[in-house]
Amino acid sequence: MKALKHVAAGTALFLSSWAAANAGVTFDSVKNKGFVQCGVSTGVAGFSVNDSKGGWIGLDVDLCRALAITMFGDASKSKIMAVSAVQRFTALQSGEVDVLPRNTTLSLTRDTTLGLIGVGVNYYDSQGIMVNKSLNVKSAKELDGATVCVQPGTTTELNLSDWFRSQNIVFKPVVVERLDEIIRAFAVGRCDAFTGDKSQLAAARTNLENPEKYDILPENFSKEPLGPMVRQGDENWLGIVRWTLFALLEAEEYGITQKNVDDMLKSKNPNVLRILGVTPGAGKNMGLDEKWAYNAIKAVGNYSEVFERNVGKDSKLGLQRGTNALWNQGGAMYPWPIR
């Protein structure tokens, strides 16, 4: 038993020394400048949008705030930079932003050709299409010859072409770069339909005059696993972003909330004690304070709280959890264990 304790202590010392010695370029850069620079979309309700006070709110913004807390224990150490669909990857590649929590679909091509890598999924979505009810269509299969508004430089544009081609249906794309301009074009009738992630369509509909006049059709054109991206070659920073996301999900799984997190420090559950840093090791292994996850949960809440506040039942969007429920509640959210 004594020998095992020596091995465990030696392993912990090695990992701690390794993390300190191998903090990557982004980790060091973020530490030195004193804030995390995050690239978000240019205004998608529920994910990243300006609030009435001139700040940013949304599911992606909360992930950025959680990262700042993980690194510095302070949400104000997060800086938001709005980037368009076309600009986003260049902004991350060039170092203008440290992480792209922006609603971006993770795909093989993006993982293998851009020098970037997906971290994990913070929202499972699918692509759909929205129409004015006056068109009197109930399926996208009825849109032969229709004009469709779409953003360039997105998987959305590619998926749209693939789906219509597979159905042997002709459509006319109306390519508009900015999301707000697409919504305006759709509202004034420049296009018959508007395609995007279904969460994006639901968000756009809330800002249209008479939202009840618009239908999101039932077809799912694609799988859209949305999540943060970082630059390749900096595993330490990749790990910090990944485990910050997983910590919010693990907190939900073990019933740790923004309100009860202090009480949970006295939990008898060893998993809870590891997540909250009462049992040390996880923070030191990443070069962080042991209370990194505790601080993040106390500031932004667990994943359920973040979801419901921004896109779920407590928001204008009112989206159901669906696939974004935890794995043990019928969904696909399956965080890796913090141990």
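Mentor: Let's start with T105, which touches R110, T155, K223, E224, P225 and L226, leaving aside residues up to four places away in sequence. Contact here means heavy atoms within 4.5 Å.

Where does T105 sit? You'll find T105 in the loop between α4 and α5. Those labels come from DSSP runs numbered from the N terminus: helices are H or I with at least four residues, strands are E with at least two. T105 has 8% relative accessibility and counts as buried. (Buried is under 20% relative accessible area, exposed is over 50%, and partly exposed is in between, using a 1.4 Å probe and protein chains only.)

Before we go on, keep in mind that this is a predicted model: local features need pLDDT of at least 70, side-chain atom pairs count only at pLDDT 80 or more, and totals for chains, interfaces and linings use all residues. Residues are numbered from 1 along each chain as its sequence is written, and side-chain values use heavy atoms, with hydrogens and water left out.

Now for D98, which lies in the loop between α4 (88–93) and α5 (108–113). D98 forms a salt bridge with K33, their closest N and O atoms being 2.8 Å apart. (That term means a side-chain nitrogen of Lys or Arg within 4 Å of a carboxyl oxygen of Asp or Glu.) K33 belongs to helix α2 (residues 25–33), so the pair ties together parts that are 65 residues apart in sequence. K33 is partly exposed at 31%, while D98 is buried at 2%.

By that rule, there are eight salt bridges. One of them joins R321 and E252 at 3.1 Å, N to O. R321 is in the segment after α13 (303–310) and E252 in helix α9 (residues 235–253), 69 residues apart. Both R321 and E252 are buried.

Then there's D262 with K298, a salt bridge of 2.6 Å. It links the loop between α9 and α10 (270–275) to helix α12 (residues 292–300), with the two residues 36 apart. D262 is partly exposed at 33%, and K298 is partly exposed at 38%.

Last, look for D62, R65 and R309, which are linked in a network of salt bridges.
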